[in-house]
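Keep the viewer open as you read.

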Amino acid sequence: MHRSAPRLTRILACAAVPVMLVVAGCSSDSDSKGAKSDSGAQSPSAAASPQADVKPTPSVAPAKFTKLPEACKAITGETVEDLVPEVKNEKGTPGKSSDTASRGSCAWNGLDDKGVKGSQYRWLDVSLLRYESDPSLGSGEQRAQANYTKEVAKVKATEGATAVKTSPAAGVGNESTAVSYGLKKTDEDFKYAVIVTRTENVLITVSYNGAGYAGAKTPTPSDLMEDAVKASKEAVAAVAAANK
């Protein structure tokens with residue numbers, strides 16, 4: 001009996017070893033699988049992370065006119081000779097421009113000297129401004145409309161101008177305003193007729209003025225305005241022709 005007790009103890013101890021190993025093994029497998037599962041799962045914050053919002057670029061209608069005519073050819077030679085007698089340079093004097101596709105100008109002047117009977121001086125000029133469409137600024141037409149209003153206000157505010165009158169210039173472009181006024185220069189009374197016109201995305205300003213020297217009759221605003229309207233219509237037609 002005394003000998004069998006230690007032997008029984010050793011047998012029980014050995015029998016317990018496989019059970020502990022099995023338990024340890026299960027525990028190890030469970031931890032390993034759990035680790036793999038955790039490593040393969042995506043974190044909620046990563047899954048829910050939205051992409052940066054991309055704001056669409058606003059679109060505007062393309063500008064209708066992409067070109068301008070040569071400013072000195074915007075008014076026909078026949079009209080120039082009619083409006084500016086004894087014109088110094090029938091081809092006109094072009095204004096300087098670093099971007100002729102967007103802006104241009106030309107001027108003509110002449111003095112019809114009648115000696116003791118007096119002289120008639122005339123000046124004619126035309127300026128062209130083309131506006132491109134820009135998502136941040138608006139369509140070319142919208143930009144031209146905004147600057148049309150500003151240009152009319154600028155002409156009306158001419159320094160030293162007297163008897164300023166404005167009226168619509170019917171039949172010229174999409175919209176047009178006639179501005180007449182008087183101005184004292186070189187001790188003579190000059191009369192001005194200015195037509196500001198918008199044709200689609202292009203702004204046209206025609207200025208026609210004159211004076212009588214040495215007792216010659218001063219031109220009437222109505223006569224000057226009639227001729228200025230004629231020149232403005234030709235400039236509008238020239239813009240359309242340049243874009244065909």
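Seven strands line up as an open, antiparallel sheet in the order β1-β2-β3-β7-β6-β5-β4. Strands here are DSSP runs of E, at least two residues long, and helices are runs of H or I with at least four, both numbered from the N terminus; two strands pair if DSSP finds at least two bridges between them. The edges belong to β1 (93-94) and β4 (162-168), and since each has a single partner strand, one side of each is left without a neighbour in the sheet.

Before going further, a word on what you're looking at: this is a predicted model, where local features need pLDDT of at least 70 and side-chain atom pairs count only at pLDDT 80 or more, while totals for chains, interfaces and linings use all residues. Numbering runs from 1 along each chain as its sequence is written, and side-chain values use heavy atoms, with hydrogens and water left out.

Now zoom in on β2 (residues 103-113) and β3 (residues 119-130), which pair in the antiparallel sense over 11 bridges. Within that pairing, N109 sits opposite W123 of β3. Helix α5 (residues 221-242) packs on the sheet, touching β3, β5, β6 and β7, and its direction makes about 30° with that of β6. (Contact means heavy atoms within 4.5 Å; axes are lines fitted to C-alpha atoms, for helices over the stretch in contact, with angles from 0 to 180 degrees between N-to-C directions.) Helix α4 (residues 140-156) lies across β4, β5, β6 (188-199) and β7 (202-213), and runs at about 170° to β6.

The partners are C72 and C106, with sulfurs 2.0 Å apart. The S-S torsion is about 95°, so the disulfide is right-handed. Both cysteines are buried, meaning under 20% relative accessible area, against over 50% for exposed and in between for partly exposed (1.4 Å probe, protein chains only).

Last stop: E175, in β5 (residues 175-185). Its relative accessibility is 25%, so E175 counts as partly exposed. Which residues does E175 touch, leaving out those up to four places away in sequence? They are Q145, Y148, V196, T197 and R198. With R198, the E175 side chain makes a side-chain polar contact at 2.6 Å. A polar contact is a pair of N or O atoms within 3.5 Å; within protein, one must be able to donate a hydrogen and the other to accept it, and residues adjacent in sequence count only if both atoms are side-chain atoms.

Notes
A disulfide is a pair of cysteine sulfur atoms within 2.5 Å.
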